[in-house]
Amino acid sequence: MSFVVHNTLTRRKEPFQPLEPGVVRMYNCGPTVYGRAHIGNFRAYIFADTLRRWLEVKGYEVRQVMNITDVGHLLDDADEGEDKVEAQAKKEGRDPWEISRHWTRLFMEDIQKLGIQPALVYPKASEHIPEMVEMIEGLLAKGCAYQSGEDVYFEVARFPRYGRLSGNTVEELDAGARIEVREEKRHPADFALWKSDARHLMKWKTRFGEHGFPGWHIECSAMARKHLGDRIDIHTGGEDNVFPHHECEIAQTECFTGAPFSTYWMHTKFLQVDGGKMSKRLGNCHSIDDVVAKGYEARVLRFCLLRGQYRTPLNFTWAIMDESKSVLENLDDLAARLRRAMTGHGAAASAESGLEDVEQCQAEFEAAMDDDLNTPRAIAALMGLRSAVLAERLGVSAAAAANQFLVHVADKALGCIRVEEESLDAEVERAIAARQDARKRQDFQESDRIRDALLEKGIVLEDTPKGVVWRRK
Ligand SMILES: [Zn+2]
């Protein structure tokens, strides 16, 4: 079945078709490294990772690039205010390079904890200045940009499609309601490709002037082009990236290359916390550390965020985290029961029994993921499989097929279920055998001791007509 994705550019769902058969070139707007990433940021990164995982399940080779913005992202997304990294450096009395290195390291640790697979490359803006200058010079040569003092601006009037992604029009922007009118700009919507500021600490000498640094938008255009080529298949980001960031990226890249930049633009909706906006003032910009300090594994956060489809509003509360934890544990339990059913424990008498249940679950799961990554519907499909296992409707072959699907399709995509065979299994099986021996000897004191010892490890034993089965508490 074909994979359908929602394209912000066309405002509809479209069948996914890469430029080169079998290969997907994907660019994800990454973090600006001046502070700890919070759960809202992770919604976008977990989405990008799940998208990549699903494309890989479908057999594509995914070339994924996520940038690290370490310079040029100003406090106001539209060219104004202090550089975010430098402002933080000043606040802490530290070097901006040290600030960006520090937060980049923590970001990498955080995404690893969330089961986010490493991208092909994490390019840093500060390490791609020549590529940016090359594009800016090309835009100047084509007459799409102009120099004003030591600054260089992109002239939006030279790109008639400006506004197509966000729905903004140049006329509306003309009012300058959002963007402060600067006299060195020909039009208030013109945006900076290169800015000069002698006080800026991270700066480069170029033909435009002595003390310059890049605009945030040109960074992504240049890094995407360097690592993926002039044209890419998918560009992702949070909904706040649509304007001005992605609108400006499209204008620059397409003026420079003369070709469409990205075929699909995919954006995640904001995450709400406790029913409202996240804000530092409310103290609800939770980090991974906050999640772990509350006693949750990081994978529970990943699962919690996947329980909402990426384009629908999602609310985060600790109560929802609790609920997510118990649903995820049910899926862990499904995996454990399938492994045991494969060996005949808790399995139906006929090996083939329940194969239709497995096929139906797999079809529902895949149809949901193929429908613009409808993760909540995909998760619901797995619950159907759990009912079949709990009712012991699956035979040995069906359990093996279900396990294969759970490990290589479902969890390959979701990335948070405990599907791996663990050494604990063998240990628990040995203890169960010892307890059975004790019971045969009518040594109930010993059999209770073994049961209690397992319970302390979080393992619950259940005596069933088909023998003893265990699950995590
Ligand atoms: Zn970007």
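Author: Helices (H or I, at least four residues) and strands (E, at least two) are DSSP runs, numbered from the N terminus. This is a predicted model, where local features need pLDDT of at least 70 and side-chain atom pairs count only at pLDDT 80 or more, while totals for chains, interfaces and linings use all residues. Residues are numbered from 1 along each chain as its sequence is written, and side-chain values use heavy atoms, with hydrogens and water left out.

Reader: At what angle do α6 and α7 pack?

Author: Angles run from 0 to 180 degrees between N-to-C directions, using axes fitted to C-alpha atoms, for helices over the stretch in contact. For α6 (residues 216–228) and α7 the angle is about 55°, with the axes 8 Å apart. That makes α6 oblique to α7; oblique is what remains after under 35 degrees (roughly parallel), over 145 (roughly antiparallel) and 65 to 115 (roughly perpendicular).

Reader: Okay, and which residues coordinate the zinc ion?

Author: Look for donors, meaning N, O and S atoms within 2.8 Å of the metal (3.2 Å for Na, K and Ca); water isn't among the atoms, so sites may look incomplete. Here C29 (SG), C220 (SG) and H245 (NE2) coordinate the zinc ion at 2.1 to 2.2 Å. Along the chain, these donors follow the spacing C-x190-C-x24-H. C29 sits in the loop between β3 (23–28) and α1 (39–57), and H245 in α7 (residues 242–257), so this pair ties together parts 216 residues apart in sequence.

Reader: Is C29 buried or exposed?

Author: Buried means under 20% relative accessible area, exposed over 50%, and partly exposed in between (1.4 Å probe, protein chains only). C29 is buried at 8%, and H245 is buried too, at 0%.

Reader: In what order do the five strands of the open sheet come?

Author: Two strands pair if DSSP finds at least two bridges between them. In this open sheet the order is β7-β8-β9-β11-β10, with antiparallel pairing. β7 (145–148) and β10 (204–206) are at the edges with a single partner strand each, so one side of each lacks a neighbour in the sheet.

Reader: How many bridges join β7 to β8?

Author: Four, and the two strands run antiparallel. Y146 stands opposite Y153 in β8. Their hairpin has two residues between the strands, and G149 takes a positive phi near 65° there. On the other pairing of β8 (residues 151–154), three bridges link this strand to β9 (residues 191–196), and F154 stands opposite F191 in β9.
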